[in-house]
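Biologist: I've never read a protein model before. Could you walk me through one, feature by feature?

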Amino acid sequence: MRVLVAGATGAMGKELVPRLVDAGHEVFAMIRSESNKARAAQLGAVPVIADALDRAQVEAAVRQAAPEVIVHQLTAIGHVDTRHFERSFAATNRLRIEGTDNLLAAARATGVRRFVAQSNGAFTYTRTGGPVKNEQDPLDRAPVDQMAPMIAAIEHLEKAVLGAAWTDGIVLRYGAFYGPGTSMAPGSEQLEMIRKRKFPVVGDGGGVWSFIHIADAAEATVAAVENGGRGVYNIVDDDPAPVAEWLPELAAMLGAKKPMRVPRFIGRLAAGQAGVVLMTELRGASNAKAKRELGWRPTHPTWRQGFQVVP
């Protein structure tokens, strides 16, 4: 198939594009500038240039590529400052709203038959009820102020993609990424904070995280491109775990001392209300639907195994 990947040179794109090429697809990479042409070509894709926030440019790029499938992986997430969570996600929120609308408009104009979009299943589910959520559970209806714009942008993306009756809209709710190019890669700021005991367990550390190795996420995305049906899929590993469990284990793997523990009010001062939520209130996600309907299995079924390759 002819597949256009928007966000082809990001952490996910670098894993995804070569896999699509190896699977026999003709891949086009939507890039923002001429300077990324060589990088896209090295990945095996044909570059097409467009600013995702410029609707006319996006439509021109999509018409040039004439894809059967569009994969929307547009983000602009750098280091996440939980004290200013909304600032850390502001550019990505815009891409998930305006960029999604522009890609969908171009897809409709050119008859794209499948549209696969990146969403978030790591930090977005309702914080009530059981510790592990499936695709039928709602997103957070009462997020803290710093996280509200991110969740609103996710909701916009998902409603737009799933509501596009003229194409097969597929939403992939990825877990927390780790591995090459992510915030949990060797030498990353986050891992260094853990190594230096600057990443404490806040409160009871009861926030449940669902992780996914970036390579496994890419494999799931290929499966969605080839076999996915309209709907939402959690792309996470088999082992959702509370912070109080995974953080000390990761510290030990890094050769660091056991993380410090601080009460919630100290955590709020240091990491903001969003940081407290991430540490104490998150819910994990189930991958049962993705396994069942996409025929996908993570190569790293648990972060306990996958983290071993990170340090």
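Modeller: Happy to. Let's start with Ala-160, which counts as partly exposed, at 21% relative accessibility. Keep in mind that this is a predicted model.

Biologist: Why does Ala-160 count as partly exposed?

Modeller: Because buried means under 20% relative accessible area and exposed means over 50%, and the 21% of Ala-160 falls into the partly exposed class. You'll find Ala-160 in helix 6.

Biologist: And which residues does Ala-160 touch, leaving out those up to four places away in sequence?

Modeller: Thr-100, Asp-101 and Leu-104. Take Asp-101: Ala-160 is 59 residues away from it in sequence, yet the C-alpha atoms are 7.4 Å apart in space.

Biologist: Now give me another residue. Is Val-116 buried or exposed?

Modeller: Buried, because its relative accessible area is 0%. Val-116 belongs to strand 5. Not counting residues up to four places away in sequence, its contacts are Val-69, Ile-70, Val-71, His-72, Ile-170, Leu-172, Thr-221, Ala-224 and Val-225. There's also a sequence-versus-space example here: Val-116 and Leu-162 are 46 residues apart in the chain and 9.9 Å apart from C-alpha to C-alpha.

Biologist: How many residues of strand 5 are buried?

Modeller: Seven of its seven, so to speak a mostly covered strand. Arg-114, Val-116, Gln-118 and Asn-120 point one way, while Phe-115, Ala-117 and Ser-119 point the other way. Strand 4 (residues 69–72) can be read like that too: Val-69 and Val-71 point one way, Ile-70 and His-72 the other, and all are buried.

Biologist: How many bridges join strand 4 to strand 5?

Modeller: Four, and the two strands run parallel. In that pairing, Ile-70 has Phe-115 as its bridge partner, Val-71 has Val-116, and His-72 stands opposite Ala-117. Strand 4 is also joined by four bridges to strand 1 (residues 2–6), again in parallel, and there Val-5 stands opposite Val-71. As for strand 5 and strand 7, seven bridges join them, also in parallel, with Ser-119 partnered by Arg-173 of strand 7.

Biologist: What about the core? What's the general idea there?

Modeller: In soluble globular proteins, nonpolar side chains tend to be buried together. Here, the largest nonpolar core has 36 residues, and Phe-123, Met-147, Trp-209, Phe-211 and Trp-246 touch the most other members. Among the elements giving two or more residues to this core are helix 6 (148–162), helix 9 (243–253) and helix 10 (264–280). Met-147, leaving aside neighbours within four places in sequence, is in contact with Phe-85, Phe-123, Ala-274, Val-277 and Leu-278. A second, separate core of 33 residues includes Val-3, Ala-8, Leu-16 and Ile-214.

Biologist: I see several aromatic residues in there. How do you describe a ring pair?

Modeller: A pair of aromatic rings is described by the distance of the centres and the angle of the planes. There are ten aromatic pairs in this model. In one of them, Trp-303 and Phe-307 are tilted, at 5.7 Å centre to centre with 50° between the planes. Both Trp-303 and Phe-307 are buried.

Biologist: Which residues do ring pairs link into a cluster?

Modeller: Phe-123, Tyr-178, Trp-209, Phe-211, Trp-246, Trp-303 and Phe-307.

Conventions:
Residues numbered from 1 in each chain as written. Predicted model: local features only at pLDDT ≥ 70, side-chain atom pairs only at ≥ 80, totals over all residues. Heavy atoms only, no water. Buried < 20%, exposed > 50% of the residue type's maximum accessible area, 1.4 Å probe, protein only. Pairing = 2+ DSSP bridges. Core = buried A, V, L, I, M, F, W, Y, C linked by side-chain atoms within 4.5 Å. Contact = heavy atoms within 4.5 Å. Phe/Tyr/Trp six-rings, centres within 6.5 Å; stacked < 30°, edge-to-face > 60°.
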